[in-house]
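Here is a short report on one protein model. Please read it alongside the coordinates.

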Amino acid sequence: SSNMEDYVSLTFHQQLFLISENLVTEDVAALKFLCSDLLHLRKLEGVKSALDIFKLLMAQGYLNAEDTFLLAELLYRIKCHSLLEKLGYTKEKVQEHLHERGRVSPYRQMLYEWSENITNEMLKEIIFLLQNRLPKRWITLSALDLLILLEKQGLLTKDNVEILEEVCVTVSPDLLETINCYKKAKEGCAGISEATRSSPEYTKQAGKLKICLQLCHTSPFPHESWQQNVQDTKTNGASQFSLFESGLEKASGHSFFFSFLQTMTSYKMDGPHRGFCLIINNVNFNSSQRKGSCKDAEQLERVFTWLGLDVRTYPDLTSGDIINLMQTWQHMQDHKDRNCFICCILSHGESGAVYGTDEELVSIRRIMSHFTARQCPQLAAKPKLFFIQACQGKNIHRPVYVDTDAQTPALSSMQESFSLFESIPEEADFLLGMATVDGYVSFRHTEEGTWYIQALCNKLQLLVPRGEDILSILTEVNKDVARRVSPSGTKKQMPQPAYTLRRKFIFPIPRDPPPS
């Protein structure tokens, strides 16, 4: 028994060491911040590594070999999802138990989420605005350091976030969404009486209610878990649900559950300008021509123009041209007045990458990384959609009337492979719609265009007027493409979306009828 305990302890400490070895300085700073409600600040100030934090958590009884959930929660919140497996967890398993076992407060989550969307330029502007409230000798290091200082001075507390609201209005109003989400959830829960809190029904359902405080933070697509938990609560008995409903009604005058659900589950899409849509249409390569691609580009232009976007089409770009174009749009100031950003790329491809017309590869992740909140602050907290029509695997024999969007064997000099899930940035508010799953070809009719793009355009025209969100539409695109078969009767295709959207993305219904 003693030997077994020693073995378990050794294994546990090995796990912690391996995790610590994979965390960089920024990760350690994030862990310190998220633990600041759990551990004494004086002790946290002496932390130099992740192992130091683990030791403090163990000393306070938060972490041991039998219970590693807090560490799993922390890794999940700083988006180190690949390290979860070292603790026997997955991202989905952590999400499932967060509402019951999560220890990081909604207030701390909100501040961390806010800091993640602050670029270096924003930080300089914020410090300039707050210069009269900050120590003159204080050295700026990061957004987290600024938040810690504001808390130490008593200017920022869980009950008073006005100082953040003030600077956000000037620097970037989009940053207010995270703060407003926290405030609305907090206000909705404030009216529940002490008698209600101590009742068995409240205790039983408190985990469900806690989700309202975590909507913006616990899941890349939070509205589904919210809706499911509301439904679960309702089916557990009308009396239990009405208990919470009545408490919330006293606080806000109406049913908080459903009003909050209505206002917080969709991206803002009611601005004066919808956004830009880029279409890169690579047709002419040195040794091949993507016949039918112009049909795709024309249809995309018609549909996205109908949906209110400002469409720009770029034909036959080399790999260098693609990167230069992304850099140009990355710094486009006009994004500030737009609701979203869309980019469609039609080309040949390999796993996790697309070809320029010079037959050189550009990774999809590199393309998308130009539009993270840090690289493109004008699009922070706004949805960014990328649709890629290109093969993601090796070349196959082509039927007479059906082409593939893989490059010919002579051009295939891929030295490393990419994964679809490595292509999309872990940062929130991205969607990547791929014509096919990783490792497989996608098909293009030489006259009618590609299966995927034509299905996408058709479903957008059919389902946007019905108020469907983009993920529901892409599910229908999957069904449509999956039903198709090549003329030879032996080749099929399966599209695949990957996303870190936090809310529903719903196009406003256009006034005009669909273009086709």
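## Model and conventions

This is a predicted model, in which local features need pLDDT of at least 70, side-chain atom pairs count only at pLDDT 80 or more, and totals for chains, interfaces and linings use all residues. Residues are numbered from 1 along each chain as its sequence is written, and side-chain values use heavy atoms, with hydrogens and water left out.

Helices (H or I, at least four residues) and strands (E, at least two) are DSSP runs, numbered from the N terminus.

An open sheet is built from 6 strands in the order 2-1-3-7-9-12, with mixed pairing. Two strands pair if DSSP finds at least two bridges between them. Strand 2 (310-315) and strand 12 (496-499) are at the edges; each has a single partner strand, so one side of each lacks a neighbour in the sheet. From one strand to the next, the twist averages 10 degrees. Axes here are lines fitted to C-alpha atoms, and angles run from 0 to 180 degrees between N-to-C directions.

Strand 7 (residues 384-389) pairs in the parallel sense with strand 3 (residues 338-346), over 6 bridges. Ile 345 stands opposite Ile 388 of strand 7. Strand 7 also pairs in the parallel sense with strand 9, over 5 bridges. There, Phe 387 faces Gly 433 of strand 9. Strand 9 (residues 430-434) and strand 12 are antiparallel, with 4 bridges. Met 434 has Gln 496 of strand 12 as its bridge partner.

## The largest pocket

The largest pocket holds about 1500 Å³ of space. Its lining has 50 residues, and the closest to its centre are Glu 26, Ala 29, Ala 30, Glu 116 and Leu 144. A pocket is an open set of points on a 1 Å grid over the protein atoms alone, where a 1.4 Å probe fits, with protein on both sides within 12 Å along at least five of seven lines; lining residues have an atom within 4 Å of a point. The volume is the space filled by probe spheres set on the points, which are joined across faces, edges and corners.

Helix 2 (25-34), helix 3 (41-45), helix 7 (106-116), helix 8 (120-129) and helix 9 (143-152) each supply at least two lining residues. Helix 2 gives the most, with 8 residues. The lining divides into 21 nonpolar, 10 polar and 19 charged residues. Ala, Val, Leu, Ile, Met, Phe, Trp, Tyr, Cys and Pro count as nonpolar, Asp, Glu, Lys and Arg as charged, and the others, Gly among them, as polar.

## Positive phi

Most residues other than glycine have a negative phi. Lys 79 has a positive phi of about 65 degrees. Lys 79 sits in the loop between helix 5 (69-77) and helix 6 (91-101), and is partly exposed at 23% relative accessibility.

Glu 359 also has a positive phi of about 65 degrees. Its loop runs between strand 5 (353-355) and strand 6 (361-363). Glu 359 is buried, at 14%.

## Cysteines

The model has 0 disulfides, a disulfide being a pair of cysteine sulfur atoms within 2.5 Å. Cys 35 is buried at 0% relative accessibility. Cys 294 is partly exposed at 41%.

Key
Buried < 20%, exposed > 50% of the residue type's maximum accessible area, 1.4 Å probe, protein only.
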